[in-house]
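Biologist: Can you walk me through this protein? Keep it simple, please.
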Amino acid sequence: MDLSSPLAFALAPVASPMPQAARGAHAEPQAARADVPKGQSSTGAFAVAALSGMAMGVTKRHARNVARKAFKTVESDRIFTEAKDLMPGGVSSPVRAFKSVGGNPIVFDRVKGAYAWDVDGNKYIDYVGTWGPAIIGHADDEVLKALSEQMQKGTSFGAPSALENVLAKMVIEAVPSVEMVRFTNSGTEACMGMIRLVRAYTKREKVIKFEGCYHGHADAFLVQAGSGVATLGLPDSPGVPKGATAGTLCATYNDLASVEALLKENEVAAVILEPVVGNSGFIPPTKEFLVGLRELSTKYGALLVFDEVMTGFRIAYGGAQAHFGVTPDVTCLGKVIGGGLPVGAYGGRRDIMEMVAPAGPMYQAGTLSGNPLAMAAGIKTMERLKQPGTYEHLDKITGKLINGILQAGKDAGHAVCGGYISGMFGLFFCEGPVTNFADATKSDTAKFAKWHRGMLERGIYLAPSQYEAGFTGLKHTEEDVDRTIAAAKEVFAML
């Protein structure tokens, strides 16, 4: 077993004290000492003391490995092995397969609050939160009650329900850019509707996106897309025809000059971005960058679109646009607004949204759109987020978490950088700063993979990719953060 590897540890054997006979027949007896217990030689006392010191070292090493020895994934491995014969790669979404961090994924059994339990009984502090939606905690009692009450009325209508009006009003009230909203079933679906809408409204075909920003798996967006594409090392996806991406232009995040160069040379329908990148790891914008995009979009007749599927109601109640004070023309939402159920939405100015059928000619539809269960869960989640102190708690907890992890890494001599905004955070294994996708690719992904595994074996569940952000929630406690930082110190020391 390789003792230098963080994936393998073993206790070195401790030598027993040498028996008297083995020291030789002519060994001279040693004088008794006052500090040596009666019946024990000073040599024996020295041996005991030495052994005690060694034992203390062994105990420390043992303590570091208790969690690792208790960490078993037999049932997860069995289920995943079976899954690989049933589903491509054994998963329903690529990043879940742990391809970039090694080992098999753990299989969840249940979740509650800030914690998750796998099918082998291992408990984790969860910083993925179903990739963002679990901001008020997994399986919140009030959300479960609302779902139970709604299920008595039906799980799907395929017809209008009053719940849609309630959630729509909450979204419109909270998000500065949204005057009308259309609900969908996922963030990807919201972005698909959005790109058709901006092209219909402007009568232009080309759009600008940013390297490393992910807007779902629609053909037009799978160009330098970050997230799972970056995790798997796929520059683009096979099966996407050239015509589908001919109208997609790519700029560099946090670089206004790269955007204006494209706007000058092309008739652009929209500039589309994650206002805080979460799909190349956590990469915040500068305020000047967002303000500049607003000005450039207006100058060249393009719409500005914020994909807030990840940041919406997470970094502020009104999303990134409320946090930074920059208002786009169209916004995509998802994750949090469904309270853990499948949901998405796109919304914007009234004159733009009235292009959407049946009010206008731009067609988009969905059998389960506005599903009453998703609406009920979303309403309860947003009611909780409106309560005083919500985002202050997220800011405090997340700041302590990421700053503690980064300090632990630096203290152990590793090149690490990162940051956070409210309940969203990330770190990279490089010196930094990381301001765009090219910077993010300088990260030591092999070291991240080892660190990730070490944290997992200590009960800390983090996103299984260097190119994904992490999330905190209202149920995370100071004790959870302290335990996470302590685990990080252990693992950093072993890398």
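Biologist: How much of the protein counts as buried?
Modeller: Of its 495 residues, 52% are buried. Buried means under 20% relative accessible area, exposed means over 50%, and partly exposed lies in between, using a 1.4 Å probe and protein chains only. This is a predicted model, where local features need pLDDT of at least 70, side-chain atom pairs count only at pLDDT 80 or more, and totals for chains, interfaces and linings use all residues. Residues are numbered from 1 along each chain as its sequence is written, and side-chain values use heavy atoms, with hydrogens and water left out.

Biologist: How do S9 and S10 run?
Modeller: They run antiparallel, joined by 5 bridges. Cys332 has Tyr346 in S10 as its bridge partner.

Biologist: How do H8 and H9 sit relative to each other?
Modeller: Their axes come within 10 Å and cross at roughly 10 degrees. H8 and H9 are therefore roughly parallel. The cut-offs are under 35 degrees for roughly parallel, over 145 for roughly antiparallel, 65 to 115 for roughly perpendicular, and oblique for the rest.

Biologist: Which residues meet there?
Modeller: On the H8 side, Leu256, Val259, Glu260 and Leu263. They meet H9 residues including Phe289, Leu293 and Leu296.

Biologist: New topic. How many salt bridges does the search find?
Modeller: It finds 15 in the whole structure. A salt bridge is a side-chain nitrogen of Lys or Arg within 4 Å of a carboxyl oxygen of Asp or Glu.

Biologist: Which residue does Asp329 pair with?
Modeller: Asp329 pairs with Arg294, with the closest N and O atoms 3.0 Å apart. Asp329 lies in the loop between H10 (319–324) and S9 (330–334), while Arg294 lies in H9 (residues 287–299), 35 residues apart.

Biologist: Buried or exposed, those two?
Modeller: Asp329 is buried, at 6% relative accessible area. Arg294 is buried too, at 18%.

Biologist: What about Glu478 and Lys400?
Modeller: Their side chains form a salt bridge, 2.6 Å from N to O. Glu478 is in H16 (residues 478–494) and Lys400 in H13 (residues 390–411), so the pair ties together parts 78 residues apart in sequence. Glu478 is partly exposed at 30%, and Lys400 is partly exposed at 31%.

Biologist: Which residues share partners in a network?
Modeller: Arg294, Asp329, Arg349 and Asp351 are joined into one network by their salt bridges.

Biologist: Where is Gly281?
Modeller: Gly281 is in the loop between S7 and H9. Gly281 is buried, at 1% relative accessibility.

Biologist: What does Gly281 touch?
Modeller: Leaving out residues up to four places away in sequence, Gly281 touches Phe428, Gln466, Tyr467, Glu468 and Ala469. Contact means heavy atoms within 4.5 Å. Gly281 and Ala440 are 7.4 Å apart, C-alpha to C-alpha, yet 159 residues apart in sequence.

Biologist: Last one. What do S1 and S2 form?
Modeller: A hairpin, with 2 residues between them. Gly113 in the turn has a positive phi of about 60 degrees. S1 (residues 108–112) and S2 (residues 115–118) run antiparallel, joined by 4 bridges.

Terms used: Two strands pair if DSSP finds at least two bridges between them. Axes are lines fitted to C-alpha atoms, for helices over the stretch in contact, and angles run from 0 to 180 degrees between N-to-C directions.
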